[in-house]
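Here are some notes for your read-through. Please keep the coordinates open while you go through the points.

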Amino acid sequence: MSELPTVEVAVSPVDKFREFLATKGMRLTPERRQIAEEVFSDHEHFDADQLALRLRPGSRPTMYRTLSLLVDGGLLRKVASRPNGGAVYEHDYGYPEHDHLICNQCGKLIEFPAVDVSQIVDEAALQHGFRVEGHRLEVYGVCSECLRPRQRRHRKLDQI
Ligand SMILES: [Zn+2]
Ligand SMILES: [Zn+2]
C-alpha cells in the first residue's frame, strides 16, 4: 500500500542482486532469481509466510537465505516484526526513504516521507561527527480503522 513515488534506478533490482552476489563469489541461481523477481514485482510490505504463498513450491531454507542476502545487498530492509515474531520486509532499493506508523492491533504499516526526520538525524550526526548510513523510526499505536469500533462502543455507553 504505497503512496510514495518510486526512485529512478539505473540498474534493475535483479541485476543489482547479481552484482552483489558476484562480490561474494556467489551466483544468481534460478531459485534466487525467481525469489528476487517475485519480491520486486510489488512494493507491498511482506513477511516470509506471505512470500512463500506467492512463490512456486520450493525450499523454505533457500527462501530465508535469499531474503537475508537481499537485506545484506541493500535491496530489502526489515521494517518491523509481526506479533508472532516474523520479520516484515520491504524494498530498500529504488524506494524513497520513509518511516512507518505501525498498528499494534492489526499490524498495518502506514508509510510517511522521512524528510523532517532525516533533518533531525542529520543535525544530530553533524553535532557528533557521525556518518549516517540510514535510520529507522517505528511509531507504534492504533490505526484509524481499529480505533473506530471502540469509539462506537463508547458512544453507545454515553447514550445509556
Ligand atoms: Zn489497525
Ligand atoms: Zn515502507
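How are α1 and α2 oriented to each other? The points below start there. Note that this is a predicted model.

1. **Helix pair, geometry.** Helix α1 covers residues 13-23. Its axis and that of α2 come within 9 Å. They cross at roughly 140°. Angles over 145 degrees would count as roughly antiparallel, and 65 to 115 as roughly perpendicular. The two helices, α1 and α2, are therefore oblique to each other. The crossing of α1 past α2 is right-handed.

2. **Helix pair, contacts.** Which residues form this contact? From α1 come Pro13, Val14 and Phe17. From α2 come Arg33, Ala36 and Glu37. By class, the contact has four nonpolar and two charged residues, and no polar ones.

3. **Glu31.** Helix α2 also holds Glu31. Glu31 and Gly58 are 27 residues apart in sequence, yet their C-alpha atoms are 8.2 Å apart in space. Setting aside neighbours within four places in sequence, Glu31 is in contact with Gly58 and Thr62.

4. **Asp99.** Look next at strand β4, residues 98-103, where Asp99 is found. Why does Asp99 count as buried? The cut-off is 20 or more other C-beta atoms within 10 Å. Asp99 has 21, so it is buried.

5. **Surroundings of Asp99.** What does Asp99 touch, not counting residues up to four places away in sequence? The contacts are Phe112, Ala114, Val117 and Leu137. Pro113 is 14 residues from Asp99 in sequence. In space the pair is 6.4 Å apart, C-alpha to C-alpha.

Terms used:
Residues numbered from 1 in each chain as written. Chains lettered and ligands numbered in written order. Predicted model: local features only at pLDDT ≥ 70, side-chain atom pairs only at ≥ 80, totals over all residues. Axes fitted to C-alpha atoms, helices over the stretch in contact; angles between N-to-C directions. Helix = DSSP H or I, 4+ residues; strand = E, 2+ residues; numbered from the N terminus. Parallel < 35°, antiparallel > 145°, perpendicular 65-115°, else oblique. Left-handed = near helix turned anticlockwise from the far one by under 90°. Contact = placed C-beta atoms within 7 Å. Nonpolar A, V, L, I, M, F, W, Y, C, P; charged D, E, K, R; others polar. Buried ≥ 20, exposed ≤ 12 C-beta atoms within 10 Å, placed from the backbone.
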